[in-house]
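This report walks through one model, from contacts around a single residue out to the whole assembly. Keep the structure in view while reading.

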Number of protein chains: 2
Amino acid sequence: MNPQDRQHVTIYEVAQRVGVSIATVSRVVRGHGEVARETRRRVLEAVEELQFRPSRLGQSLAEGRHAANGIVFPDLSGPYYAEVILGYEELAADLGSSVLILATHGRTDPDRKVLDLARRVDGMAIMGRTVSDGVVAQVAATGMPTVLLGRPPIGELDTVTTENDASAREMVTHLLGHGYRRFAYLGDPAESSDVTARYDAFRAALVGGGIRPPRAPLRCAFDVPAGQEAAQRALARPPRPQVLVCANDEVALGALAAAQQMGLSVPDDVAIVGWDDVMAARYAGLTTVRQPMRELGATAARWLQERMAGSRFHARREVLQTQLVIRTSCGRHSVDREDS
Amino acid sequence: MNPQDRQHVTIYEVAQRVGVSIATVSRVVRGHGEVARETRRRVLEAVEELQFRPSRLGQSLAEGRHAANGIVFPDLSGPYYAEVILGYEELAADLGSSVLILATHGRTDPDRKVLDLARRVDGMAIMGRTVSDGVVAQVAATGMPTVLLGRPPIGELDTVTTENDASAREMVTHLLGHGYRRFAYLGDPAESSDVTARYDAFRAALVGGGIRPPRAPLRCAFDVPAGQEAAQRALARPPRPQVLVCANDEVALGALAAAQQMGLSVPDDVAIVGWDDVMAARYAGLTTVRQPMRELGATAARWLQERMAGSRFHARREVLQTQLVIRTSCGRHSVDREDS
DNA sequence: GAGTCGACTGTAAGCGCTTACGGTAGGAGT
DNA sequence: ACTCCTACCGTAAGCGCTTACAGTCGACTC
């Protein structure tokens with residue numbers, strides 16, 4: 001069959017077949033207006049026979065809504081985002097919206113893509129540093145319900161983030177308990193507000209513990225190779241740090257690889273910790289901070305729904321709690337902290 | 001701002017502002033017909049001032065296409081699917097299509113959701129055992145370009161899968177080389193055609209090696225807890241198998257946990273292997289089979305594009321090659337097989 | 001100076017649906 | 001027998017765009 005002649009059955013054909021107007025067919029299909037029992041039966045019969053499905057486009061155009069929403073994220077390669085999206089999709093679909101996704105990573109013109117996306121949805125969730133504040137504001141200015149995930153608030157937009165301060169503090173306290181004194185931080189605070197927050201809290205906690213924090217973070221991207229490379233540099237430079245605090249688990253996994261490659265034992269020669277608790281972290285024995293990723297996505301979907309329904313009118317902020325997960329990469333413990 | 005009064009600027013307002021017809025505005029915006037330089041300038045100016053973006057709905061309705069395609073997958077929780085989707089999205093977006101996603105896992109009525117999805121896209125990719133053959137056929141029958149991923153072919157539809165036979169054979173050969181004789185298989189062949197293929201090839205290879213294969217697989221779902229539970233049963237039942245061949249890495253990771261919990265050493269007491277080479281596999285030292293996931297998704301997107309362009313007309317089949325990755329979970333080796 | 005041509009622009013017919021509004025017919029009420 | 005409902009159904013006006021077709025109007029040609 002030639003793609004050119006994709007023929008969908010339209011409401012007109014159904015109407016003609018039954019001998020009624022398209023209005024009546026529409027009423028039957030939508031289940032809205034009143035239709036005589038017998039007429040309804042005949043329409044349904046024809047719908048069945050012709051396999052009629054109303055065109056979403058016609059429907060949306062007439063209704064003035066897409067019945068869809070979108071989510072913008074940096075990348076899907078990490079396990080982190082996948083979980084968030086899943087949480088989002090799950091709820092959104094249950095609420096009757098289709099979900100459009102957009103990964104900005106590596107795109108030449110993310111702003112434009114986001115603007116495009118905005119033309120096909122009723123609301124959107126935007127994660128992290130994917131697009132410029134200007135574009136977000138521009139989208140929001142059209143009245144598009146928008147919620148921000150793991151990104152600093154912009155204007156009056158709803159924002160959901162995860163907790164960073166307390167967990168960083170707790171993490172550092174734990175590390176200090178191991179007796180470590182020389183810390184390095186791997187990750188680029190410019191990359192995301194989460195990293196910024198983690199880094200700041202990390203420094204503050206060190207100061208609070210009477211330790212002089214490192215002068216600057218070792219900037220590196222959010223992936224395993226970048227982490228490995230940065231860790232290599234950090235570990236080669238004397239005095240060797242006793243702990244590598246990594247901006248996320250992927251960086252930490254890279255650091256683990258670097259240590260192994262350099263013949264250093266973790267945690268005996270160097271301790272390594274991360275953030276997110278991705279699946280691999282567990283098998284790598286990585287001490288990290290667990291994020292409620294599914295819930296992050298689900299919250300976004302729920303709020304969007306409420307916005308679209310018009311039931312809420314001022315900006316909401318929520319910070320989801322995180323949890324320190326102690327494994328083996330931060331030092332030897334008398335007792336195992338994590339079961340399984 | 002009340003969601004009710006979301007006002008988009010329409011082409012009419014632009015036309016009125018400039019004092020031309022909407023046809024002219026459309027020409028300028030699309031860059032198709034001929035428009036006088038001066039007129040073009042004034043239109044663009046107005047477009048800029050009013051922040052006009054054509055409605056995708058109006059556009060799509062007039063053009064007769066959505067400029068979007070969809071992908072249906074069982075679940076996003078595993079790392080496997082996320083990668084496939086990313087490969088798909090990346091290419092599709094570059095080709096100018098938006099991407100709609102649909103996770104069928106846990107949905108009460110996946111078939112209906114897929115039919116819904118079909119009303120909003122120009123083409124779709126369907127992964128694994130997500131929906132019934134009937135529904136796929138029904139969608140395809142409307143002329144919707146469709147490609148199947150990791151799923152047995154249906155009718156004349158394009159199908160991309162990954163290689164299972166050779167890798168299973170190679171895996172078993174390697175295991176036999178270790179001297180193992182008692183094998184168990186964890187996974188449910190009914191779950192996916194990949195599992196079926198792997199299981200069949202596994203049995204055949206054992207027979208080829210002069211070993212009597214297990215009577216039946218230990219059926220379990222595709223996730224870590226299920227794998228753990230099934231492995232526990234398998235390892236508790238004498239004679240204890242020397243090898244647990246797992247349908248995928250998540251099951252294998254569960255098996256690893258079970259072994260650890262039972263105080264068994266891997267690989268000394270029991271060898272464990274999986275499939276997929278998810279990120280965690282590397283850190284768990286799991287011997288597995290690497291799948292070209294990104295490429296799987298990208299291939300689907302490319303084929304869809306070709307179908308939609310009408311440039312291809314008969315069913316395509318492709319089997320992407322996989323690669324055995326030897327790590328430590330299958331037994332002690334004199335030399336490390338994997339760098340890093 | 002009439003005819004021709006080309007560059008530009010407007011008119012209008014869709015694309016497939018929803019829904020406000022109005023019309024019709026048959027039964028109830030008196 | 002005449003009105004008045006009520007239940008049902010059709011008409012038509014959108015929703016916002018694209019594009020075939022039909023002008024219009026100078027500039028040119030002969």
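Two residues are in contact if their C-beta atoms, placed from the backbone, lie within 7 Å. The model is predicted: local features need pLDDT of at least 70, side-chain atom pairs count only at pLDDT 80 or more, and totals for chains, interfaces and linings use all residues. Residues are numbered from 1 along each chain as its sequence is written, while chains are lettered from A and ligands numbered from 1 in the order in which they are written.

**A loop proline**

Take Pro241(A). Leaving aside residues up to four places away in sequence, Pro241(A) touches Arg182(A), Phe183(A), Ala184(A), Ala234(A) and Val270(A). Pro241(A) sits in the loop between α10 (224-236) and β7 (243-246) of chain A. Helices (H or I, at least four residues) and strands (E, at least two) are DSSP runs, numbered from the N terminus. Is Pro241(A) buried or exposed? A residue is buried if 20 or more other C-beta atoms lie within 10 Å of its own, exposed if 12 or fewer, and partly exposed in between. Pro241(A) has 22 C-beta neighbours inside 10 Å, so Pro241(A) counts as buried. From Ile101(A), Pro241(A) is 140 residues away in sequence and 41 Å away in space, C-alpha to C-alpha.

**Chain A as a whole**

Chain A contains 13 helices and eleven strands. Its radius of gyration is 26 Å, well over the 20 Å that the globule rule gives for 340 residues, so chain A is more spread out than a compact globule. That radius is taken over C-alpha atoms, and the rule is 2.2 Å times the number of residues to the power 0.38. Along the principal axes, the C-alpha atoms of chain A fill a box of roughly 85 × 40 × 40 Å. Of the 340 residues, 49% count as buried. Consider contacts in chain A between residues at least 6 apart in sequence: 68% of them join residues at least 24 apart.

**An enclosed strand in chain B**

Strand β3 (residues 123-127) of chain B has five of its five residues buried, so β3(B) is largely enclosed by the rest of the structure. Gly123(B), Ala125(B) and Met127(B) are buried on one side, and Met124(B) and Ile126(B) on the other. Two strands pair if DSSP finds at least two bridges between them. Strand β1 (residues 68-73) of chain B runs parallel to β3(B), joined by four bridges. Here Asn69(B) stands opposite Gly123(B). Four bridges also join β3(B) to β4 (residues 146-149) of chain B, again in parallel. Met124(B) has Thr146(B) in β4(B) as its bridge partner.

**How the chains meet**

The interface brings 46 residues of chain B into contact with 46 residues of chain A. On the chain B side, α5(B) gives the most, with seven residues. By class, that side has 25 nonpolar, twelve polar and nine charged residues. Ala, Val, Leu, Ile, Met, Phe, Trp, Tyr, Cys and Pro count as nonpolar, Asp, Glu, Lys and Arg as charged, and the others, Gly among them, as polar.

Strands cross the boundary too. β2 (residues 98-103) of chain A pairs with β2(B) in the antiparallel sense over three bridges. Ile101(A) has Val99(B) as its bridge partner there.

A rotation of 180 degrees with 0.1 Å of shift along its axis superposes chain B on chain A, with an RMSD of 0.1 Å. The two copies are thus related as by a two-fold rotation axis. Ala280(B) comes closest to the axis among residues of chain B, at 1.9 Å (C-alpha). Of the interface residues of chain B, 100% are also interface residues in chain A, so the copies meet through the same surface.

The residues near DNA strand C number 29, the closest being Ile11(A), Ala23(A), Ser26(A), Gly58(A) and Ala62(A). Elements giving two or more residues to that surface are α2 (22-30) and α4 (56-63) of chain A and α2 (22-30) and α4 (56-63) of chain B. Around DNA strand D there are 28 residues, of which Ile11(B), Ser26(B), Ser55(B), Gly58(B) and Ala62(B) come nearest. Helices α2 and α4 of chain A and α2 and α4 of chain B each give two or more residues here.

Technical notes:
Near = placed C-beta within 6 Å. Least-squares fit on C-alpha atoms with pLDDT ≥ 70 in both.
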